[in-house]
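Hi,

Here is the structure I promised to pass on. Have a look, and my notes follow below.

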Amino acid sequence: MKIKSLEISGFRGIRKHIGIEFDSSKSILIYGDNGSGKSSITDAFEWFYYDKIEHLSSEEIGTKGLPALRNIFLPDSDDAYVEVKYSDSECDSQKKLFIKKSKLTGEYTNTAQKFKDYINMSLKENLLLRYKDLLRFILSTKAQKLEEISQIIGFSDVSKVKTVLKKAVNDLKRELKQSRFDDRISSQQRNIFERIQQDIWNDEQYFAAIKILVAPLKLPIEVKDVSSIDAILEALKKPEDKEAIANQLSYEKVIEHLRNLGISFDSICTSYEIVYDKCQQIAKDKDKFKKINLEPLLSQGLSILEKKLYEDDKCPLCLQKKDREELIDELRKRIEELSIFKKEKDAAIEEINTTLRLVQGALTEVENALKEKCLLLEDDLSSKKEIEKIRDNISAAKEKIKKVTFAELEAISKPEDFISFDINALKELISLLTSKKDKIVTGKKDDLTFTVHSKIESVKQSYKEIKSLKKAEEILTQQQQSLELIYNDFVKRQRNGLSSLLAVISEDINDLYQFMNESENVSEIELIPLDEEDEFVGITLQFKFHGRLEAPPHKYLSESHLNCLGICLFLASVKAYNKLNRFIVLDDVISSFDTNHRARFARLLVEKFSDYQIILFTHEKDWFEIVSNMVRGKNWLIKRMYWDHENGAIIEPPPFTLKEGIENKLTKAVTTGLGNSIRIYLEHLLKEICYDLKVKVEFRFNQHNENRMSHELLSELKSKLKDRKCELKDQAVFDRLSSSMFLGNRTSHDSSFEGSIDDLKMFYGDVRELEKIFRCPQCDNLVSKKYYDNVNDKVKCSCGGLQYNWKK
């Protein structure tokens, strides 16, 4: 998607209507002084897509910065609007900003689903870059880097899935442990052994044991499966035995529930002791855990300082004097401490939930025991009251654990006071109920049929429970193992996916940075994922500096190099993430670049991003001249913005570039300032040629290095051509320029000499002839060492259409 036209009215600094026709999706270069309204256009793009302007979204201004969006001179009856037309006309839309019921409201005129989908998809792409955002990613923390990339590529959704999977695996492990299947199976085996004096672990042993039990009765039924055992029980039924057997089985269930309660009691006590210890640790320094809520504020403050949005040696919040670097170090330490406190608090909360689950499990066992009808017998009412007392004590413990808060940790019960429970009394109660169960059997010990019947019923119930417990354990174990396999494979694929993506982005970053920084000792720039215990915790930016791996970049790189790296990161992310839109907005991004970086950045945009529509703003006059000369004739528009007190921001075609200005004056025979302009044009040209061919000149400090005179550059260039046995060394233009440069120098300074228009035409003709032999007419690039042919010893332009000998 590219932009065909843009219209803005009544928005920010744009008081009246301005419009830009992009003529078949051309790129555009817009020059304007600070305050001319350039950023109002960037703001318009940001509001159109993101429904807010980040640098205006503050409590002081208002939600999403809306109160600052309408031009203050716009009548309330008029709408401010931004209208964008695209290469796909179905997405054309105007976004109005108007007052409705005394409130500012934004609204799109295009309500089609296709447009809504387009806007939603665009939110995940990088479309805008301002100078203030250049270092945001570079100076952000490792965790913030991961979060930003995660949001753009949807990796945060993948991480959420992984978190869910990990929680599921841990929950299953916890459930397996808390279910205590081995103890519960042993309890059932104990009951079987008490009834028939042998263990049963499988169907074969089960059928064999039943066969031995029924042998004395000489029944005509063969014990071979579950249905045959049911048939035997049916044959052994006697109406007078029904209640006794039912009570026996009911007693066994009560005993089983109480034994399970005893088994879980140790786990409850152990878990609560951990809860108590963790809470006591937190209570020792409650204030530090209260400060967890300060983490977002401290992180925001650190971000402001690291991005140099606030550079005074003061705290940006309280304005007290404080060394800026010391403050940054202190904030980093405090944020790291708070993250540790949060982990401690989360661990305590998890243990509280574990204790609560264990208590609820114990409560369920007691409540199930109370449902058994044997406790309703008149001589067992006292046992029921004892069990009800246990239930009430467990319920009280449940309420205690539910009321644990970090605000009142001093009130938390000590482990010995948490649950009123006498394990010995429970054992005595189980023993009492067991004797009552046995009394039912001993009361009919002379009745062989009843004895066999009761034993089979008891063994059947216990073995059935054992099989049920084993099945439940098997299912949970299989689920845990399956989820672990899925989780491990997911983590592997997630790591490979992120690493592959970061490798692609890193390759682009490195390529773009090397393009802008030839022959510098910075290489192999990489985004490296960091993980701890299968969890991605951040991303670091690593690079080789003089052959040694280093991180982070601001450890050694200058501000200009960091800004250069910031642009490379943005452009690499555009290539990686922007699958829908093929345009980007760059707002005054080269303000702190040195001269070499500015020219190379312009060349990078022209050569590496020619298939993108670039909307480029600058207030730098020299850089505007560099870019406008590079892009002329290459599908770019060139405009100028200025501020008018009556109309606000106005956009119009720019004044003549240096070259156009010279040719315009030559056409009109205007000599005023013409010689000086030609001299400046020649100096710019010679600097470009000497830079591309690595022509060495005498060292000079600072600005003196930039103010090289043409005769010095021309002389060193000729020496280089002779040294490299280049066929251009004997070109007559060098001698002609040596003479005609006199015209440029004399007309540039206070002098009685006045050059005629014919003299100056001759001077400009010599300059153009020099440019012609070094600049390719096809690709419009100068011959350069960058395109050196090692096999044939030639220097070439980028397309290879222009080449010369260059012997070593």
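Two strands count as paired if DSSP finds at least two bridges between them. Helices (H or I, at least four residues) and strands (E, at least two) are DSSP runs, numbered from the N terminus. With that settled, Arg640 stands opposite Glu652 in β14. Strand β13 (residues 636-644) and β14 (residues 648-652) run antiparallel, joined by 5 bridges, and a hairpin of 3 residues links β13 to β14. β13 also pairs in the parallel sense with β3 (residues 27-31), over 5 bridges, and there Ile30 stands opposite Lys639.

Before you go further: this is a predicted model, where local features need pLDDT of at least 70 and side-chain atom pairs count only at pLDDT 80 or more, while totals for chains, interfaces and linings use all residues. Residues are numbered from 1 along each chain as its sequence is written, and side-chain values use heavy atoms, with hydrogens and water left out.

Now the open sheet. It has 5 strands in the order β2-β1-β4-β5-β6, with antiparallel pairing. β2 (18-21) and β6 (103-108) are at the edges with a single partner strand each, so one side of each has no neighbour in the sheet. From one strand to the next, the twist averages 10°; angles run from 0 to 180 degrees between N-to-C directions, and axes are lines fitted to C-alpha atoms, for helices over the stretch in contact. Inside the sheet, 5 bridges join β4 (residues 80-86) to β5 (residues 93-100), and Tyr81 stands opposite Lys96 in β5. Helix α1 (residues 38-50) lies across β1 (3-9), β2, β4, β5 and β6, at about 80° to β4.

Then a helix pair: α21 (residues 674-692) and α23 (residues 710-723) pack at about 35°, with axes 9 Å apart. Which residues of α21 and α23 make the contact? On α21 they are Arg679, Leu682, Glu683, Leu686, Lys687, Ile689 and Cys690, and on α23 Ser710, Leu713, Leu714 and Leu717 (contact means heavy atoms within 4.5 Å).

Last, Asn126, which is found in the loop between α2 (113-122) and β7 (128-130). Is Asn126 buried or exposed? Asn126 counts as buried because its relative accessibility is 18% (buried is under 20% relative accessible area, exposed over 50%, partly exposed in between, with a 1.4 Å probe and protein chains only). The Asn126 side chain makes a polar contact with the side chain of Ser573 at 2.7 Å. A polar contact is a pair of N or O atoms within 3.5 Å; within protein, one must be able to donate a hydrogen and the other to accept it, and residues adjacent in sequence count only if both atoms are side-chain atoms.

Cheers
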